[in-house]
Amino acid sequence: MRIPAHSVCTAIRDDIVAGVYERGGRLTEELLARRYGVSRVPVREALRTLEAEGFVVTRRHAGACVAEPTEQEAADLLEMRMLLEPLGAARAAQRRTEAHLKVLRGLVRLGQERARRGNSEDLRSLGGWFHETLAQASGSPALTSTLAQLRHKIAWMYSVEAPAHPAESWAEHGAIVDAVARGDNDRARAITALHTERAMAAHRLRFPGGGDRAERVRTSQHPVNTAGLRH
């Protein structure tokens, strides 16, 4: 199936994240152009963009290759997300629109419903949409773009266990939306910081060979206090 040239970068990135291309593997313009049904020009532009994002590296005598991030680089990404997600929520409390609130509340309702049914695949997708919408509600394109890139990289480098108590996780999402709706940026920041820290505990680093890191990411296990947030 042919795709528009402007989507080549997204398509290659998605395939890298999904593991279609092995880390360290070569990415030749000719083969990529054939796979995505475009000329080599947009492929070349996409590879430059992906190199700037850290998904691709250019090696002497080999050309473009899938990057091979270190464990420290992967850990840094989690730390960056734990710093930026709360900032995004605080900004959302100040800048969100009614349209953002409508989508966020709808996602929370769906998430809580799916959590009761135990549908983990739906919950994963809904969680991604929730955090993407929350970032968009920040009103900062730069922050939204940075968080999206972090999510892509973290999905590439880590496997994620399903939450042991999904209903609690979605109650936290609901508490974040309540704080954002009230314009309480301090509360939105604090709840999101705790929620993100807890979520990071479910991440396990993928090794190039396909195994997972034995230890979970070190983080707090204290539950998020959502009491008194729904008025």
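**Figure 1. Contact of helices α1 and α7.** R13, D14, I16 and V17 of α1 meet H152, A155 and W156 of α7, where contact means heavy atoms within 4.5 Å. The residues of this contact comprise 4 nonpolar, 1 polar and 2 charged; Ala, Val, Leu, Ile, Met, Phe, Trp, Tyr, Cys and Pro count as nonpolar, Asp, Glu, Lys and Arg as charged, and the others, Gly among them, as polar. Helix α1 covers residues 8-17 and helix α7 residues 141-157, and the two pack at an angle of about 35° with their axes 8 Å apart. Axes are lines fitted to C-alpha atoms, for helices over the stretch in contact, and angles run from 0 to 180 degrees between N-to-C directions. Helices (H or I, at least four residues) and strands (E, at least two) are DSSP runs, numbered from the N terminus. The model is predicted: local features need pLDDT of at least 70, side-chain atom pairs count only at pLDDT 80 or more, and totals for chains, interfaces and linings use all residues. Residues are numbered from 1 along each chain as its sequence is written, and side-chain values use heavy atoms, with hydrogens and water left out.

Figure 2. Helix α1 is largely enclosed by the rest of the structure, because 7 of its 10 residues are buried; buried means under 20% relative accessible area, exposed over 50%, and partly exposed in between (1.4 Å probe, protein chains only). These buried residues are V8, C9, A11, I12, R13, D15 and I16, and they pack against α2, α3, β1, β2 and α7. A11 lies in this helix and is buried, with a relative accessible area of 16%. After α1 comes G19, which has a positive phi near 85°.

**Figure 3. The largest nonpolar core.** This core holds 33 residues, of which I12, I16, Y21, L27, L32 and V56 touch the most other members. Two or more residues each are given by α1, α2 (29-36), α3 (40-53), β2, α4 (71-95) and α7. Helix α7 supplies the largest share, 6 residues. A nonpolar core is a set of buried Ala, Val, Leu, Ile, Met, Phe, Trp, Tyr and Cys residues joined through side-chain atoms within 4.5 Å.

Figure 4. Within α7, the buried residues are L143, T144, L147, L150, R151, K153, I154, W156 and M157. R81 belongs to helix α4 and counts as buried because its relative accessibility is 12%. Leaving aside residues up to four places away in sequence, R81 touches P86, H131, L150, R151, I154, T196 and M200.

Figure 5. Strand β1 (residues 56-59) runs antiparallel to strand β2 (residues 63-66), and 4 bridges join them; strands pair if DSSP finds at least two bridges between them. T58 has A64 of β2 as its bridge partner. There are 3 residues between the strands of this hairpin, in which H61 takes a positive phi near 70°.
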